[in-house]
Amino acid sequence: MRFPKDFLFGAASAAYQVEGAFDEDGKGLSNWDVFSKIEGKTLNGTTGDVAVDHYHRFKEDIKLMAEMGLESYRFSVSWTRIFPHNDGKVNQKGLDFYNQLIDECLSYGIVPFVTLYHWDLPQYLEEQGGWCHKGTIDAFLRYAEVCFQAFGDRVKHWITFNETIVFTRLGYMTGAHPPGIRQCQEKFFQAIHNVMVSHAKTVLLYKALKQYGEIGITHVLAPAFPADERESSKKAAAHANYFETAFFYDPVLKGEYPQYCLDILKERKVMFEITEEEQELLRKAVPFNDFMGLNYYQPKRVILIEGESDTDLSRAASTGGVGQVSFDGVYQTVKLDDRRYTKWGWEVSPEGFLSGLQQLKENYGDIKLYITENGLGDVDPVIEGEIMDIPRIKYIEEHLAVVKKAIAGGIHLKGYFAWSAIDLLSWLNGYEKQYGFIYVDHENNLERKKKASFYWYQQVIASRGEAL
Ligand code: BG6
């Protein structure tokens, strides 16, 4: 079987991780511009000030993507290029940059898939309370509207938010991301809810503008499975699936939070504020969500924690490897002897991917899906000057085979975006953890080089995945 004609083969990036030019052409400071400069926050103090200089080299990068045969490029807009300061004024140069980037993609027939929020919040909003502050919802809406008006004639695929669970949990529970707050369940849940309201309002706004494109949100897909046969582990997995999946998917696809979670939050006295009007809004937006974006890297193998738990996670434990304790100290992830793991302790599990997709279909019906991220973070071997990222080829091959199987099994999957198009900054792992098809030589003026996976993906796209 070949992938259907309208299936998009893509690759992704995010503004802070690739652009650099952090203070150029009128750009204001984001929370990440500030946070990454606080000692001890990122690996060896790495910042995105220059990143891989995509801001200046996007033409070269898009040309390479076109050569690879990429059909769609998912990138994010940096909010502080558009609204640099807290004065409501739009920075024309910020719009110009994205207009050029979009036009460059289109000149090669590459479909731009645009994320509005991939974690870089304006610092002035962070200082006012960030995602816990209702004012951020209005600011986001205004920003989204400006983007729709400026780019919507050419951009027909929009993602509002990337991985709400990650930036809120790391921002308010582990403190590994800005605003660096630890162990604050009240703020964690309030922030999630405010993001969900922002998403619903943005979807309704987009539809009211009648631009006739599609809009959705990207969530993490990390299905939890009991690590062993114990009843307690099954309970842990059910609890994890409620709080890490249903709590994020339900408000978007059902218009309400799971009652199981609400009851627990009320009992623990960490219930967030939700008005009647907001509740109504969530419900109203449900039918207007055109798709769900899914970022899949690994499943979770969980056990229940008996007795005292250590929820005070270190930065290392919060970067996604096994050994994570849940936000409420009820369960934790464990490493299993018979599984494969990456150098960063992330499980490689194409089977978990398929089960996750099947569970989504069971719980939410026949929704349109895009895999908006999937890939292998690795230290790529360089052999005689060639980047032989064979493990990445194997990883993507196995996961694309799952996508094919899922489509054949009736799952409505319309595209796959590998993470990432080009090597980029990993938020907490600096430049050491590579994901790209295109290598960036940090020792040599950020020179670009095609990896083995580049030629492999080119082949996959050209043959529409026939050999997979
Ligand atoms: C996702 C993010 O969580 O995972 C990306 O959307 C991120 O921005 C990717 O880079 C991989 O994470 P990491 O920690 O390996 O860079």
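**Ligand contacts and the strands beside them**

A polar side-chain atom of Q17 lies 2.8 Å from an oxygen atom of the ligand, a polar contact in the sense of a pair of N or O atoms within 3.5 Å. This is a predicted model, in which local features need pLDDT of at least 70 and side-chain atom pairs count only at pLDDT 80 or more, while totals for chains, interfaces and linings use all residues. Residues are numbered from 1 along each chain as its sequence is written, and side-chain values use heavy atoms, with hydrogens and water left out.

For E163, an N or O atom of the side chain is 2.5 Å from an oxygen atom of the ligand, and for H118 the corresponding distance is 2.9 Å. The protein covers 92% of the 380 Å² of accessible area that the ligand has on its own, as computed by the Shrake-Rupley method with a 1.4 Å probe. Of the 15 residues around the ligand, those that come nearest are Q17, E163, S426, K433 and Y435, where a residue counts as near if one of its heavy atoms lies within 4 Å.

Strand β4 (residues 157-162) has 6 of its 6 residues buried, so it is largely enclosed by the rest of the structure; buried means under 20% relative accessible area (1.4 Å probe, protein chains only), and strands are DSSP runs of E with at least two residues, numbered from the N terminus. Strand β3 (residues 111-117) pairs with β4 in the parallel sense over 3 bridges, pairing requiring at least two DSSP bridges, and Y117 has F161 of β4 as its bridge partner. With strand β5 (residues 214-220), β4 pairs in the parallel sense over 4 bridges, and here I159 has G216 as its bridge partner.

Notes:
Buried means under 20% relative accessible area, exposed over 50%, partly exposed in between (1.4 Å probe, protein chains only). A polar contact is a pair of N or O atoms within 3.5 Å; within protein, one must be able to donate a hydrogen and the other to accept it, and residues adjacent in sequence count only if both atoms are side-chain atoms.
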